[in-house]
Amino acid sequence: MCGIVGYIGKQNAVPILIEGLKRLEYRGYDSAGIAVITENKAIIEKKKGKVSVLEKFVKGSGIEANIGIAHTRWATHGEPNEINAHPHFNADKSIMLIHNGIIENYAPLRKKLISEGYKFLSETDTEVLVHLIDKFYTKKKNLFEAVRNALLLINGTYGIAVISIYEPDKIIVARKGSPLVIGVGREENYIASDVNALITHTSSIVYLEDGEMAIVTKDNFEAKTLEDDKVEKEVVEIDIEVDEITKSGYPHFMLKEIMEQPESIRNSMRGRILMDEGVSKLGGLNGFEERIVDSERILIVACGTSWHAGLVGEYMLEQFTGIPVEVDYGSEFRYRNPIITPDDTTIFISQSGETADTLAALREAKRRQALTVGICNVVGSTIARESDTGIYIHAGPEIGVASTKAFTAQLTVLALLTVLIARSKNLSCQDGQMILKELESIPYKVEKILKLNDEIEKIAEQFKDAKNFLYLGRGYNFPVALEGALKLKEISYIHAEGYPAAEMKHGPIALIDENMPTVFIAPQDSVYEKVISNIEEVKSRKGVVIAVASEKDTKIEKLVNYTIKIPDTIRMLMPILTSIPLQLLAYHIAVKKGLNVDQPRNLAKSVTVE
Ligand code: G6P
C-alpha cells in the first residue's frame, strides 16, 4: 500500500529518502512527502503525483539534513492532494509523522481533539495520531512515551515513523498490521515498510512484529512492546541483489518480470525435486507433512491473482490427492464464520505476504487450531512468519503491480505440494516422476512462448480500442480465464470478464457481437472438443476470437481470427503455460494505449488495508 522510509546518520538524508521512495513507489503512488530536521528546524515538503514530482522539487531546493522520514501514499481517507499527503504534523511543526494503515476510530478521536482546540488541516485518518502525540508530548516531554500513549488509544492498523525537533536524534517507529523494518548500518540506521527501499544501503534487517515499537538512533536501536517491555530483536541478513529491483533495460518492470519467468519458475522448484523417488521435498514444511497428508480438508485462502492460483491448486489437489479442497477470498473467509476444524489444513497464498484480508483469515484459522501454511514470495513477510509452516515461491522481487512471475511460481509450488501429498496417498513413483519431469521441462516451454512476444504484440495492436473482452476456458484453464481478464482490466482499464467456457450460454453469450473480442484458452486436452463447440457458438454470432491453442493443433486456426500456439504439457501444468500469452496480450494492449503499466491507476501492489 503506502510506502515508508526514514534515515538517521551522517549522510544527507534527502537523496536516500527520495531513492527509497522510488523503490517503494510500486506500493502506492498518488502523492509523496518528506520531512527532515536541520539545525533544529523542520522542513516538510509534499507533492501530489509521483515521487519524481517531489524529487524535482527537493533537488532544486538544496535541502540537507541528517535525519528525515518520507512517504508515498495510496489514498484511503481523503483525496490525493498535498494537504492529505504525509508527513502530517502538529500545529507548530515540531512533530512529524508518516503512517501506513488505517485508524478505524479516527472520527471520535478527531471530534474530541477538535473540542480540545486542535486544528485539523487534512481529511486523513492519520492526522489524529500526530495531534494525540502532541497532546501526550506536552505532558510527558518524552517522544517515545508520547507515541506509545497515543498508540494505546488507536484501533486499526499502522506502521508509523515519527520525528520531532525536540528530540532530533531519534526516529520512533511502531507496527501493528503494516510492515516495518529497521535497516542496520554503521553510524547510520534506516527504517522502511519494505526491505526493497534499503537494499542499496544495507542487508542487515530487523523485522518488527505487531505490537512492537523501536527507538532508532544513529548508532543504535532499542525495541520495546507497546506495553513498554524491552524486546531483544534478531538482525537478519537478507539476500536481494540490486538488479532484482531495477528494470535492467526493459521499458517496464512488468515486461521484465514476464520475461524472467523461465528463471523464476526454475528458482521455485530448485532443490525441491527428488526424481528417483518421484517426490518433491519442501523444506519449509519439515515436520508438518504428515499432518497435511492426513488432513480432512484443505482450505485455500487468498486475494486477487493469488486467489486464481488457489483455484488452480484446487484442481491439482483434488485430482491427485483425493482431499476435498475449498478456495475462498480472504475478505469473505474472515467475515463468514467459516467451518474450520483442527483436522483441516489452511493454505494462505500471498505474493507480498502482507495482504490484510489474507492475514486476517490466517489469524482466524489459527484461532480455530487448523494447521496454517503460508505460500509467499516476500521472505520474512507477516504471513510467512505467522503461518505454522510454509513454502516460499522464490520468484524474486515483483515490482509491477500486475502480478505475473509470482503467479506462475505459485502454480509451480502448488504442483510440488500436490506431488508431495499425492505420493503419500495413491500416486505411484512412476506417475510422480512423470509429473516432475514435465515440471522440469516447463521453463524451456515458457522460453518458447516468450518468443511469441512480437506476434502477440501485433495481435494487441488490433484490440487496443476494444471496450470489452471475454475470456473463456474450462477445467484447469477456467482460473486462467479469470486471471487473463484480471490482467487486462488491471493495466488497460478495458472491461474484461472471465468465465468457464460452458457457462457462456447462461449469460455472456448475449454480449457477443462483432465488437466483443473473446479469448479462448483451448489447448488440446480432454475438454478440447467442447471448447471448440463454444468457439463455434461465438463465431456464428460474428464474435472475434483469439485462441491460445496447442502448437500441434491444425484445426483451430481455420475457425478463429487469431491463434497463439503454445507447447503442450500435462493438464495440471497447462495453466503455467496458458497464462503467459495472456500476460503479454494485456501488457501490449496497455502499452499501446499509452498507459502506465507498472503503476496502474487506483491499484496498489500490496493491499494492507481492508
Ligand atoms: C493487490 C495486487 C494484486 C495481488 C493482490 C493480492 O490487489 O494488485 O496483483 O494479486 O493484491 O496480493 P498478494 O500479495 O496477497 O498476493
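Predicted model: local features only at pLDDT ≥ 70, side-chain atom pairs only at ≥ 80, totals over all residues.
**Group meeting: strands, loops and the ligand site**

Let me start at one pair of residues, T38, which stands opposite K41 in β3, where helices (H or I, at least four residues) and strands (E, at least two) are DSSP runs numbered from the N terminus. Residues are numbered from 1 along each chain as its sequence is written, and side-chain values use heavy atoms, with hydrogens and water left out.

The strands in question are β2, residues 31-38, and β3, residues 41-48, which pair in the antiparallel sense over 8 bridges; two strands count as paired if DSSP finds at least two bridges between them. Together β2 and β3 make a hairpin with 2 residues between them, and E39 in the turn has a positive phi of about 45°. N40, in the loop between β2 and β3, has a phi near 60°, which is a positive value in a residue other than glycine.

Turning to the sheet, 7 strands form an open arrangement in the order β5-β6-β7-β8-β12-β13-β14, with antiparallel pairing. Its edge strands are β5 (88-89) and β14 (230-231), each of which pairs on one side only. Within this sheet, β7 (residues 158-164) and β8 (residues 171-176) pair in the antiparallel sense over 5 bridges, and A161 stands opposite V173 in β8.

Two loop features deserve a mention. A cis peptide bond, with omega of about 0°, joins H86 and P87, and P87 is placed in the loop between β4 (67-73) and β5. S248, which is not a glycine, has a positive phi of about 45°, and S248 is found in the loop between β15 (236-237) and α6 (253-259).

Now to the ligand: which residues are closest to it? The ligand is surrounded by 14 residues, the closest being S306, S350, Q351, S352 and T355, where a residue is near a molecule if one of its heavy atoms lies within 4 Å of it. The shell residues divide into 4 nonpolar, 8 polar and 2 charged (Ala, Val, Leu, Ile, Met, Phe, Trp, Tyr, Cys and Pro count as nonpolar, Asp, Glu, Lys and Arg as charged, and the others, Gly among them, as polar). Helix α9, residues 304-321, supplies the largest share of that shell, 3 residues.

As for individual distances, a polar side-chain atom of T355 lies 2.4 Å from an oxygen atom of the ligand, an N or O atom in the side chain of S306 is 2.6 Å from a ligand oxygen atom, and a polar backbone atom of T305 is 3.0 Å from an oxygen atom of the ligand. The protein covers 91% of the 390 Å² of accessible area that the ligand has on its own, with areas from the Shrake-Rupley method and a 1.4 Å probe.

Note on methods
Polar contact = N/O pair within 3.5 Å; in protein donor to acceptor, adjacent residues only side chain to side chain.
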